[in-house]
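Some notes on the strands of this model follow. Please read them alongside the coordinates.

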Amino acid sequence: MRLLIARCTVDYDGRLTAHLPEARRLIMVKADGCVAIHADGGAYKPLNWMNAPNKLEEEDDRWIVTSPKGETLTITLHERVWETDTELGEDPGLTKDGVEAHLQELLAANTDAIGENLQLVRREYPTDIGPVDLLLRDAEGQAVAVEIKRRGEIDGVEQLTRYLERMDRDPLLRPVRGIFAAQLIKPQARVLAESRGIACVEVDYDELRGIESDELKLF
């Protein structure tokens, strides 16, 4: 992990153009090549970023990050304030809480709750950036990656997007389609997921456990 705090300007040129005026920012370069630019605020989301794979060219006062599609992120460095480069080592991944772990177990045993004609291949399918919750195959044999959350938020969609990018590099799996499953999916997360071709499924935890809903029913 490489971290640089610098006074910089940032220009993105690709599907659209974007400009960040001069200010102090944190520039993060991860071991997989992902480059992200953060402000001192705005929670976890970077101001701009370039996912791996990409090419990083460093000049004395400028970094140019280029994607395989020709998109460029140009970081002009006006002042270097602080810099470090640290090896973090292999990450064990996120440990799910009891409900999420149980949801994964229940959905692995009841894939019809996710979609029709889905067959389980493996739970906790490993990728080089962490395990995806479920790997399934549909009736046509296409690989389906499922990420499971109690609350479906934007960070869960981003997590699944990263898994899909890595899995699509495997010729035995691609093309891989994604499903984001949660007890409740926030509207913003649903919009982001659907814009990336990821299906959203809300699941009823109590129903999966065989507990009837407390809601009154006519029949």
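1. Begin with the β6–β7 pair. β6 and strand β7 (residues 72-85) run antiparallel and are joined by five bridges. Pairing here requires at least two bridges found by DSSP between two strands. Strands are DSSP runs (E, at least two residues), numbered from the N terminus. I64 has T74 as its bridge partner in β7.

2. A word on the basis. The model is predicted, with local features needing pLDDT of at least 70 and side-chain atom pairs counting only at pLDDT 80 or more, while totals for chains, interfaces and linings use all residues. Residue numbers start from 1 along each chain as its sequence is written, and side-chain values use heavy atoms, with hydrogens and water left out.

3. Check the turn between β6 and β7. The hairpin has five residues between the strands. Within that hairpin, G70 adopts a positive phi near 90 degrees.

4. β6 also pairs with β5. Strand β5 (residues 55-58) meets strand β6 (residues 62-66) in the antiparallel sense, over four bridges. E58 lies opposite W63 in β6.

5. Now the open sheet. Its five strands are ordered β8-β9-β10-β11-β12, with mixed pairing. β8 (119-127) and β12 (199-202) each have a single partner strand, so one side of each lacks a neighbour in the sheet. From one strand to the next, the twist averages 30 degrees (axes are lines fitted to C-alpha atoms; angles run from 0 to 180 degrees between N-to-C directions).

6. Inside that order, look at β9 and β10. Strand β9 (residues 130-137) runs antiparallel to strand β10 (residues 143-152), with four bridges joining them. L136 stands opposite V144 in β10.
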